[in-house]
Amino acid sequence: MVAPALLALALGALGVVAVPAPPEGPLVSLSASDAVVRMPFKVTCSISRAVPATNVTITANNHTWPVTLSQDGHQATAEVTVTEKGSVQLGCTVHAGSRKLQTNATVQVSYVPVPLLNVTHTAKAGTELRGQCSLPPGAVSDIRVKVAATGHGVLVDFKKPPVTFSLLVTEEDAGGRLVVTCEAKMPPDPLRTKSQQIHVLVKPWLDMELCPPQQNWTEGQDGILNCSAKGTPEPQVSCSKDGNFLAPGISHPINRAHAGTYLCRATNDLGTAERNVTVWVQYVDSVPLLPVLLGTLLPLVAVVILGYLLYGKGKKGEYRLWKRHRRPDAQPLRPQGDSAAAPNGSAAP
């Protein structure tokens, strides 16, 4: 007796949900493919073991469609077209030996297809991004499309397709924030959308916050040269002074030789940005105490001695002069208190 075949019915190439069938039947896979009125869509029946194409039948609303078998004989595909929207019953029948294995699925057919969005995946900041939103061939002419982008609002309101659009890409769009979406609608059918995330490239730049132009360090401590850059792809930053490189963002033991102006460069695939960063190193010289004291006190002692000598010499010269020119009746000055002074200041006899 031939073992039962494992069947799977798949519509299109979108998400698949596996649903187990009763034990005596095959497994069934359903998919939410884009089944549109008057537009061909694919129905695929997967089989666990190879069978001839003549043994496989694919139907849609009880109408049999031509089958194409894959080279390995495990997949049978048919292109199906329906003329009215609503539920469509799909079926796959496989004759395996003396057994007839069958599985069924239901899909919803709409007049509105998933729109076609033609736009690049990558854009540079500061450039204009252009694209087009359209519908597959054979779509109903009453369908309208709209284009919008995150951070930029509606670019084209609902109009008859195809429509073209453009927007100026900015640095704020970097980091995966820019998504362009095309919507197709024809009430009362459900809205269909197609989105594309735009990878935004940004030249490197160095700002005051991430790379301060003036930085202070202290000798004997560890210091970090703070300098990082913005940009996409992420820029590589290097800093150098007099041909000597100092890696930014890494702790280094600091000495006064680190003082000076460094040229910092940030580079990515789009270019290079530069900035001068001046580093000030604070330090204190240790001066011996004895030389300082000697250098301060010796001049002071010399001044005192010289002043004393000059003062004493002046007193002696004054005494000799008095002695040489004194009057006969002159008397040496007496200390105050020995006699009363005369009204003119001379001593009383």
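Which side chain does the side chain of aspartate 189 meet in a polar contact? The points below start there; the model is a predicted one.

1. Aspartate 189, polar contacts. The partner is lysine 85: the two side chains make a polar contact at 2.5 Å. The aspartate 189 side chain also reaches the backbone nitrogen of tyrosine 111, at 2.8 Å.

2. Aspartate 189, setting. This residue is placed in the loop between strand S17 (179–185) and strand S18 (192–197). Aspartate 189 counts as buried because its relative accessibility is 9%, and the cut-off for buried is under 20%. If neighbours within four places in sequence are left aside, its contacts are Lys85, Ser110, Tyr111 and Val112.

3. Largest nonpolar core. This core has 26 residues, and the members that touch the most others are Leu129, Leu178, Val180 and Ile198. At least two core residues come from each of strand S11 (116–119), strand S13 (128–134), strand S14 (144–149), strand S16 (163–168), S17 and S19. In soluble globular proteins, nonpolar side chains tend to be buried together.

4. Valine 180. Not counting residues up to four places away in sequence, valine 180 touches Leu117, Leu129, Val147, Ala148, Ala149, Phe165, Lys194, Ser195, Gln196 and Ile198. Leu129 and Ile198, both on that list, are also named with Val180 among the core members that touch the most others.

5. Open sheet. Three strands, in the order S12-S19-S22, form an open sheet with mixed pairing. Strand S12 (122–124) and strand S22 (230–232) are the edges, each pairing on one side only. On average, and with direction ignored, neighbouring strands in this sheet are turned by 35 degrees against each other. S12 and strand S19 (residues 199–205) run parallel and are joined by 3 bridges. Lysine 124 has leucine 201 of S19 as its bridge partner.

6. Disulfides, overall. The chain has 4 disulfides. With bonded cysteines counted along the chain, the pattern is 1-2, 3-4, 5-6, 7-8. Three of these links are described in the next points.

7. Cysteine 45 and cysteine 92. Their disulfide has an S to S distance of 1.9 Å. The link is left-handed, with -85 degrees about the S-S bond. Cysteine 45 is in strand S4 (residues 41–47) and cysteine 92 in strand S9 (residues 86–96), so the link ties parts that are 47 residues apart in sequence. Both cysteine 45 and cysteine 92 are buried.

8. Cysteine 211 and cysteine 227. The S to S distance in this disulfide is 2.1 Å. It is left-handed, because the torsion about the S-S bond is about -90 degrees. Cysteine 211 sits in the loop between S19 and strand S20 (214–218), and cysteine 227 in the loop between strand S21 (222–224) and S22, 16 residues apart. Cysteine 211 counts as buried at 0% relative accessibility, and cysteine 227 counts as buried at 8%.

9. Cysteine 239 and cysteine 264. The sulfur atoms of this disulfide are 2.1 Å apart. A torsion of about 115 degrees about the S-S bond makes the link right-handed. Cysteine 239 belongs to strand S23 (residues 236–241) and cysteine 264 to strand S26 (residues 260–268), 25 residues apart. Cysteine 239 and cysteine 264 are both buried.

How values were computed. Residues are numbered from 1 along each chain as its sequence is written. This is a predicted model: local features need pLDDT of at least 70, side-chain atom pairs count only at pLDDT 80 or more; totals for chains, interfaces and linings use all residues. Side-chain values use heavy atoms; hydrogens and water are left out. Two strands pair if DSSP finds at least two bridges between them. Helices (H or I, at least four residues) and strands (E, at least two) are DSSP runs, numbered from the N terminus. Axes are lines fitted to C-alpha atoms, for helices over the stretch in contact, and angles run from 0 to 180 degrees between N-to-C directions. Buried means under 20% relative accessible area, exposed over 50%, partly exposed in between (1.4 Å probe, protein chains only). A polar contact is a pair of N or O atoms within 3.5 Å; within protein, one must be able to donate a hydrogen and the other to accept it, and residues adjacent in sequence count only if both atoms are side-chain atoms. Contact means heavy atoms within 4.5 Å. A nonpolar core is a set of buried Ala, Val, Leu, Ile, Met, Phe, Trp, Tyr and Cys residues joined through side-chain atoms within 4.5 Å. A disulfide is a pair of cysteine sulfur atoms within 2.5 Å.
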